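Please examine the sequence and the model before reading the solutions.

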Amino acid sequence: MNTHELIEIEEKYGAHNYHPLDVVIERGEGVWVYDVEGNRYLDCLSAYSALNQGHVHPRILNALKAQAEKVTLTSRAFRNDQLPLFYKELSELTGYEMSLPMNSGAEAVETALKVARKWGYDVKKIPHYQAEIIVADGNFHGRTISIVSFSSEPLYKDAFGPFTPGFLSVPYGDAAALEKAITPNTAAVMIEPIQGEGGVLIPPAGYLKKVSEVCKKNNVLLIADEIQTGLGRTGKLFASDHEGVRPDMVIIGKALAGGFYPVSAVLADSDIMSLYLPGEHGSTFGGNPLACAVARESLKVIVEENLVQNSAELGEYFLERLAEIPSKHVKEVRGKGLFIGVELKAEARGARRFCEALQQKGILAKETHSHIIRFAPPLVIDKETIDWAIPRIYDVLMMD
Ligand SMILES: *Cc1c(COP(=O)(O)O)cnc(C)c1O
């Protein structure tokens with residue numbers, strides 16, 4: 001079936017909760033994807049950074065196949081032989097004593113919020129059901145009702161009330177405003193070190209460090225949502241590392257399973273994680289042996305292929321080349337590692353038409369909000385590929 005036919009079927013039978021570019025991908029390899037017409041594209045979205053290791057990484061594929069032939073799901077009612085090793089390797093890599101695996105990012109966010117509330121009651125002694133959690137304007141933490149309850153984006157939120165109470169949002173990048181919002185009932189602050197869906201928004205230098213100090217001073221937990229920024233995307237293992245901050249909890253997902261499988265996790269030390277008692281939280285699929293085998297190999301690929309270093313070096317190179325393009329449409333080019341946003345001026349009439357033009361040139365990128373183009377290719381990209389992409393991006397950004 002061709003592109004047109006497949007799109008027609010999708011639009012007829014599927015919910016319209018996305019507005020995708022009209023490219024129908026049938027195959028991927030490394031940084032490249034191929035559509036049903038045989039056209040090749042450079043993937044500059046990486047499934048919102050779930051594909052840091054590139055498409056169909058052969059090592060992860062082998063791990064998936066090998067595990068799928070043995071056992072795929074046990075539920076946590078029984079133990080499996082992959083979960084302990086996943087825990088151990090994740091702990092050794094990240095320095096956190098414990099973790100709790102879930103599937104989607106949103107579930108891991110909920111997992112962190114629940115244990116933060118419990119910590120508030122059991123440890124901080126906040127009065128029953130008075131715990132508050134502070135988040136930042138422009139946040140994106142997922143799509144559950146509780147999570148959209150503290151979104152500041154009307155599109156994500158407004159149709160879906162009534163909302164979960166107990167959350168307070170403060171301006172992003174303003175540590176003083178955050179400190180002012182803290183009360184004796186504040187259990188936690190949850191922040192993205194760089195706001196991805198918000199538009200690759202990088203807060204002022206020192207912000208996260210200051211937030212971390214404010215949290216410590218006030219006996220408030222700091223939760224970093226690194227679902228998109230973590231695992232090498234910004235040129236460090238975690239974006240929090242850029243400021244030497246060690247949050248009390250880190251939430252990861254997306255690239256944790258190299259695009260093969262939904263795997264997420266919350267990282268914390270045992271004083272927090274041990275608050276969860278049997279039966280208080282769970283997931284049928286969380287921690288299943290297939291997920292664990294895939295995630296273990298995905299982490300090994302990040303380390304053994306030096307993807308964090310590659311992200312730092314090639315991210316800097318890509319950013320420099322992009323910033324050189326003398327486009328009248330561009331307001332700002334910003335980024336850390338291979339996490340780059342090109343913000344367009346209001347007069348540019350939106351990012352969508354630029355993304356469509358990039359598609360014609362063999363590059364897939366997606367607008368965030370209406371006026372920002374995100375460039376976040378798989379971290380396995382090389383310099384030659386960036387050099388291939390730059391003149392194409394140049395032509396698109398220079399159009400009228
Ligand atoms: C993608 C994302 C999520 C949600 O993850 P899902 O797997 O889509 O539920 C949460 N937080 C951040 C920062 C994200 O980028």
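**Exercise 1: The ligand site**

Identify the residues around the ligand, that is, those with a heavy atom within 4 Å of it.

Solution. The shell consists of S104, G105, A106, F140, H141, G142, E192, D225, I227, Q228 and K254. This is a predicted model, in which local features need pLDDT of at least 70, side-chain atom pairs count only at pLDDT 80 or more, and totals for chains, interfaces and linings use all residues. Residues are numbered from 1 along each chain as its sequence is written, and side-chain values use heavy atoms, with hydrogens and water left out.

Step 1. By class, the shell comprises three nonpolar, five polar (Gly counts among the polar) and three charged residues.

Step 2. A polar side-chain atom of Q228 is 2.7 Å from a ligand oxygen atom. For G105, a backbone N or O atom lies 2.8 Å from an oxygen atom of the ligand. A polar backbone atom of A106 is likewise 2.8 Å from a ligand oxygen atom.

Step 3. Of the 380 Å² of accessible area that the ligand has on its own, the protein covers 81% (Shrake-Rupley method, 1.4 Å probe).

**Exercise 2: The cysteines**

How many disulfides (pairs of cysteine sulfur atoms within 2.5 Å) does a search of the whole structure find?

Solution. Step 1. The search finds zero.

Step 1. C355 is in no disulfide, and the nearest cysteine sulfur, that of C44, is 10 Å away.

Technical notes. A residue is near a molecule or strand if one of its heavy atoms lies within 4 Å of it. A polar contact is a pair of N or O atoms within 3.5 Å; within protein, one must be able to donate a hydrogen and the other to accept it, and residues adjacent in sequence count only if both atoms are side-chain atoms. A disulfide is a pair of cysteine sulfur atoms within 2.5 Å.
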